[in-house]
Amino acid sequence: MTRYFFLSEGWLVGRVWEFGGIWNEATWRRKPKIQRLSLGLVEQGETLWLYEAEEAVLMLEVRPEPAHPAAATIGQVMLKRLMDADQVIHRLTTAESLLRP
């Protein structure tokens with residue numbers, strides 16, 4: 001099952017966790033498959049982009065880019081509940097507006 005999450009524009013994915021703990025590239029022999037999709041939404045004036053993550057990804061650490069205004073006050077945020085496709089569809093249908101680059 002593919003997992004999804006929305007991430008604010010100007011934020012980056014940091015560490016990734018899987019069932020055994022922090023993602024170990026030596027064990028997996030690759031980086032985790034996380035991809036920004038070409039679909040986003042605007043919520044309360046903030047742009048959020050939809051990302052897809054492989055099933056093995058359980059949790060993500062995200063942080064603002066150094067030049068982002070939030071970087072001065074927020075170090076990192078943990079995303080512990082990733083979404084399934086039905087949750088994404090619901091979120092998209094209730095968004096203020098949708099974005100497609």
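Q: Quick one to start. Is arginine 91 buried, exposed or partly exposed?
A: Arginine 91 counts as partly exposed, at 24% relative accessibility. Bear in mind that this is a predicted model.

Q: Noted. What does glutamate 43 form with arginine 91?
A: Glutamate 43 and arginine 91 form a salt bridge. Their closest N and O atoms are 2.9 Å apart.

Q: And why does that pair tie together separate parts?
A: Glutamate 43 lies in strand E4, while arginine 91 sits in helix H2, residues 85-93, so the pair ties together parts that are 48 residues apart in sequence.

Q: How accessible is glutamate 43?
A: Glutamate 43 has a relative accessible area of 28%. That makes glutamate 43 partly exposed.

Q: How many salt bridges does the structure hold?
A: The structure holds 3.

Q: OK, on to glutamate 61. What is its salt-bridge partner?
A: Arginine 15 is the partner of glutamate 61. The closest N and O atoms of this pair are 2.9 Å apart.

Q: Which of them is buried? Start with glutamate 61.
A: Glutamate 61 is buried, at a relative accessible area of 7%. Arginine 15 is partly exposed, at 40%.

Q: Which side chain meets arginine 30 in a salt bridge?
A: The side chain of glutamate 54 does, at 2.7 Å from N to O. The pair links distant parts of the chain, 24 residues apart. Arginine 30 is in the loop between helix H1 (25-28) and strand E4 (34-43). Glutamate 54 is in the loop between E5 and E6.

Q: Is arginine 30 buried, exposed or partly exposed?
A: Arginine 30 counts as partly exposed, with 26% relative accessibility. Glutamate 54 counts as buried, with 16%.

Q: New topic, the sheet. What is the strand order?
A: The order is E3-E2-E6-E7, in an open sheet of 4 strands with antiparallel pairing. Strand E3 (21-22) and strand E7 (77-79) are the edge strands, each pairing on one side only.

Q: How many bridges join E2 to E3?
A: There are 2 bridges between E3 and strand E2, which covers residues 11-18. One of the facing pairs puts glutamate 18 opposite glycine 21. Tryptophan 17 has isoleucine 22 in E3 as its bridge partner. E2 and E3 form a hairpin, with 2 residues between them.

Q: And over how many bridges do E2 and E6 pair?
A: E2 and E6 (residues 59-64) pair over 5 bridges, in the antiparallel sense. Valine 16 has leucine 60 in E6 as its bridge partner.

Q: Back to glutamate 18. Buried or exposed?
A: Glutamate 18 is buried, yet has no salt bridge. Arginine 30 carries the nearest side chain of opposite charge, 9.4 Å away.

Q: What does the side chain of glutamate 18 reach, then?
A: The side chain of glutamate 18 reaches the backbone nitrogen of glycine 20, at 2.9 Å.

Q: Which residues does glutamate 18 touch, leaving out those up to four places away in sequence?
A: Glutamate 18 touches Trp23, Trp28, Ala56 and Leu58 on that basis.

Q: Let's do the largest nonpolar core. Which residues touch the most other members?
A: Phe5, Leu7, Val57 and Leu60 do, in a core of 14 residues. Strand E1 (3-8), E2, strand E5 (46-53) and E6 are the elements that give two or more residues to this core. E5 gives the most, with 3 residues.

Q: What does a second, separate core include?
A: That core has 9 residues, among them Leu41, Met83, Val88 and Ala95.

Q: Last stop. Where is alanine 72 found?
A: Alanine 72 is in the loop between E6 and E7. Alanine 72 counts as exposed, at 73% relative accessibility.

Q: How far apart are alanine 72 and alanine 56 in space?
A: They are 32 Å apart, C-alpha to C-alpha. In sequence, alanine 72 and alanine 56 are 16 residues apart.

Terms used:
Residues numbered from 1 in each chain as written. Predicted model: local features only at pLDDT ≥ 70, side-chain atom pairs only at ≥ 80, totals over all residues. Heavy atoms only, no water. Pairing = 2+ DSSP bridges. Buried < 20%, exposed > 50% of the residue type's maximum accessible area, 1.4 Å probe, protein only. Lys, Arg positive; Asp, Glu negative; His and termini not counted. Salt bridge = Lys/Arg side-chain N within 4 Å of Asp/Glu carboxyl O. Polar contact = N/O pair within 3.5 Å; in protein donor to acceptor, adjacent residues only side chain to side chain. Contact = heavy atoms within 4.5 Å. Core = buried A, V, L, I, M, F, W, Y, C linked by side-chain atoms within 4.5 Å.
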